[in-house]
Amino acid sequence: MKLVRFDGFRIGIVRDAQVIDISDIVGASATEWPPVAMNRLIRDFAQLRPRIEQAASRSGTPLRDVTLLTPVPWPNKVIAYPVNYHDHAAEMGAAYRANTQGFFLKPPSSLSGASEPIILPAVSGRRIDHECELAIIIGKEGRDIPRERWRDHVFGYSCLIDVSVRGKEERVARKAADTFCPVGPWIVSADEIDDPAALRGRLWVNGELRQDANTRDWVLDLPGMIEMAAAIMTLYPGDIIAAGTPAGVGPIKAGDKVRIAFENVGEMILDVVQGETGRASIFRNPPDAV
Ligand code: MN
């Protein structure tokens, strides 16, 4: 099943390039704040699934006629594993790996969706890169999750771009800007992906293939990512794990079109635009002066 958020607050399923509105089943409304209807849907999915499947016979709206938003706009956290492919470690000159270094967090306010642009902050002279990553959506609350129980806690998968200002400032400050975490175009439920560690993921900029890798080359595997995060923090329904980028990261600039695709998951094409905000004092110096 493919689950989307669209047109402001609505939640839907995708069938034959049509979006079927199931907001009534989930209790999603325009006035709900914070917007946690998708978190609830994920938590209660087993009970709601029969009603959602019945709704598949409703008439829908063509996908091209809706505005696709980020599927989970208000997760408790976005966990991101840096340097989880050896070839990316080589291109960055990194001696560490995700399995020994752990993870960082991106703020939920950095999330954006498939119909929204990546807005570059006004940090002139800094390189801003794309990182092509699989998103893992947590389905069930848990702490100290042993690696053999990983499937019990995974709800589904999506495409994620970990947009990053290059430099030596704190990693979070370089990766936290609004729209620096596009996720979409939807969540594919875990039952549709036999093996998340066998997915080809690619990213293009203006049609040029920049990244092409397979999740089988993760340094820290998915059971390990869940075990490591849950050893430190309680995981909640809707939490997102960014699984790390392979080699081929590179700059994006205003006017670019960035396309990301993971096989059996989905794809989205995002515009890159220049924003007026983001002139943080930490980015005034050239990166090598820090
Ligand atoms: Mn990354």
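**Around the pocket**

Modeller: H6 gives the largest share of the lining of the largest pocket, 3 residues. Keep in mind that this is a predicted model, where local features need pLDDT of at least 70 and side-chain atom pairs count only at 80 or more, while totals for chains, interfaces and linings use all residues. Residues are numbered from 1 along each chain as its sequence is written, and side-chain values use heavy atoms, without hydrogens or water.

Helix H6 spans 171–175, and together with helix H4 (86–92) it makes up the elements that give two or more residues to this lining (helices are DSSP runs of H or I, at least four residues, numbered from the N terminus). A pocket here is an open set of points on a 1 Å grid over the protein atoms alone, where a 1.4 Å probe fits, with protein on both sides within 12 Å along at least five of seven lines; lining residues have an atom within 4 Å of a point. The volume of the largest pocket is about 380 Å³, the space filled by probe spheres set on the joined points.

In total, 24 residues line the largest pocket, and Met92, Arg166, Gly167, Arg171 and Arg174 lie nearest its centre. By type, the lining has 10 charged residues, 9 nonpolar and 5 polar, with Gly counted as polar.

As for the cysteines, there are 0 disulfides (pairs of cysteine sulfur atoms within 2.5 Å). The sulfur of Cys159 is too far for a bond because its closest cysteine sulfur, in Cys132, is 7.5 Å away. Cys181 is in no disulfide either, with the nearest cysteine sulfur, that of Cys159, 12 Å away.
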